[in-house]
Amino acid sequence: MTTMALGAALNAGLRRALERDPKVLLMGEDIGKLGGVFRVTDTLQKDFGAARVIDTPLAESGIIGTAFGMALRGYRPVCEIQFDGFVYPAFDQIVSQVARIHFRTGGRVRAPLTIRVPFGGGIGAVEHHSESPEAHFAHTPGLRVVTPSNPDDAFHMIMQAIAADDPVVFFEPKRRYWDKGEVDLDAPAALELHRARVAAPGTDVTLVAYGAMVATALSAAEIARQEGHSIEVIDLRSLSPIDFDTIEASVRKTGRLVVAHEAPVFLGLGSEIAARITERCFYQLEAPVARVGGFATPYPPARLERYYLPDPDRILDAVDQTLAA
């Protein structure tokens, strides 16, 4: 086991993928000599050359369009979108072309393309640098959408995403890049790419989170434990498809469900989870499903983001409400 930060674990996973398959290549703005804004691709161009770790022009639509063409010719490109709010110029390419090619060709053509997107707030950034656009992509048929919450998952999931024959939007929780954890660089992945993980067992309430919010959920669960309540925390990991079976098994045990994410509550991932689990566990639920998330506003200036981002107190308020129902 090796202790490393989440960003370093992603770097190790990208390095391993480059070593294993000569068809894997990286593309993005400043990912080569600079090593990326968050240094996730640090030293990779030096070790693998500028033909496999490519510094691109500042043109997200061009990055994805070029990578899409390369994927159709047998390569496995991994594109970096420098910040979440910069993905929108490439949105048309992703949802209109990349996501549709398998269906459009009757299953004859695949697009093994991975799109890395640092997402979420909590780093005190300016506008367009702290977005949570995951619902746009999870809503789009033909895309796989995943996000790790810890270094071990980051290492294994990035390799699983690159090995997939379908396009994967890989959201990276940027405020957790520096969080450290143990990574087994020699062991196989503990879970399939689209399986959820029980991050903390519990009996009273099921709390579902993903990405950066998993650590917040675990903090809330620890506070609740000290107050005599047992919260089972589920790390969703995959946003499309969603592992509803794992959530359902937990809710059938606890009878209560809270879903937390940074994105606005309105039409967020929590809406789909609440609807599906209500359908599946109607007779087991002891209270309505509660949702905690951002507000229905653009992401605020850095000075105000602590009021916008869900914290343990807001999660525990929802827990208390569902326990009191």
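Student: How many cavities of 30 Å³ or more does a search of the whole structure find?

Tutor: Happy to! The search finds one. A word on the ground rules: this is a predicted model, in which local features need pLDDT of at least 70 and side-chain atom pairs count only at pLDDT 80 or more, while totals for chains, interfaces and linings use all residues. Residues are numbered from 1 along each chain as its sequence is written, and side-chain values use heavy atoms, with hydrogens and water left out.

A cavity here is a set of points, on a 1 Å grid over the protein atoms alone, where a 1.4 Å probe fits but cannot get out; lining residues have an atom within 4 Å of a point. Points are joined across faces, edges and corners, and the volume is the space filled by probe spheres set on them. The lining includes Phe119, Gly120, Tyr210, Gly211, Ala212, Met213 and Glu262.

Now for the sheet. It is open and mixed, with five strands in the order β9-β11-β10-β13-β14. Its edges are β9 (197-200) and β14 (290-294), each pairing on one side only. Strands (E, at least two residues) and helices (H or I, at least four) are DSSP runs numbered from the N terminus, and two strands pair if DSSP finds at least two bridges between them. β10 (residues 205-209) and β13 (residues 257-264) run parallel, joined by three bridges, and Leu207 stands opposite Val258 of β13. Helix α10 (residues 269-280) packs on the sheet, touching β10, β13 and β14, at about 160° to the direction of β13. Such angles run from 0 to 180 degrees between N-to-C directions, with axes fitted to C-alpha atoms, for helices over the stretch in contact.

Leu257 ties much of this together. Not counting residues up to four places away in sequence, it touches partners including Thr206, Val208, Ile247, Ile273 and Ala290; contact means heavy atoms within 4.5 Å. Along with Ile94, Ile247 and Ile273, Leu257 has the most contacts inside the largest nonpolar core, which has 45 residues. A nonpolar core is a set of buried Ala, Val, Leu, Ile, Met, Phe, Trp, Tyr and Cys residues joined through side-chain atoms within 4.5 Å; buried means under 20% relative accessible area with a 1.4 Å probe, protein chains only. Both β13 and α10 supply at least two residues of this core.

Definitions and conventions
Buried means under 20% relative accessible area, exposed over 50%, partly exposed in between (1.4 Å probe, protein chains only). On a 1 Å grid over the protein atoms alone, a cavity is a set of points where a 1.4 Å probe fits but cannot get out, and a pocket is an open set with protein on both sides within 12 Å along at least five of seven lines; lining residues have an atom within 4 Å of a point.
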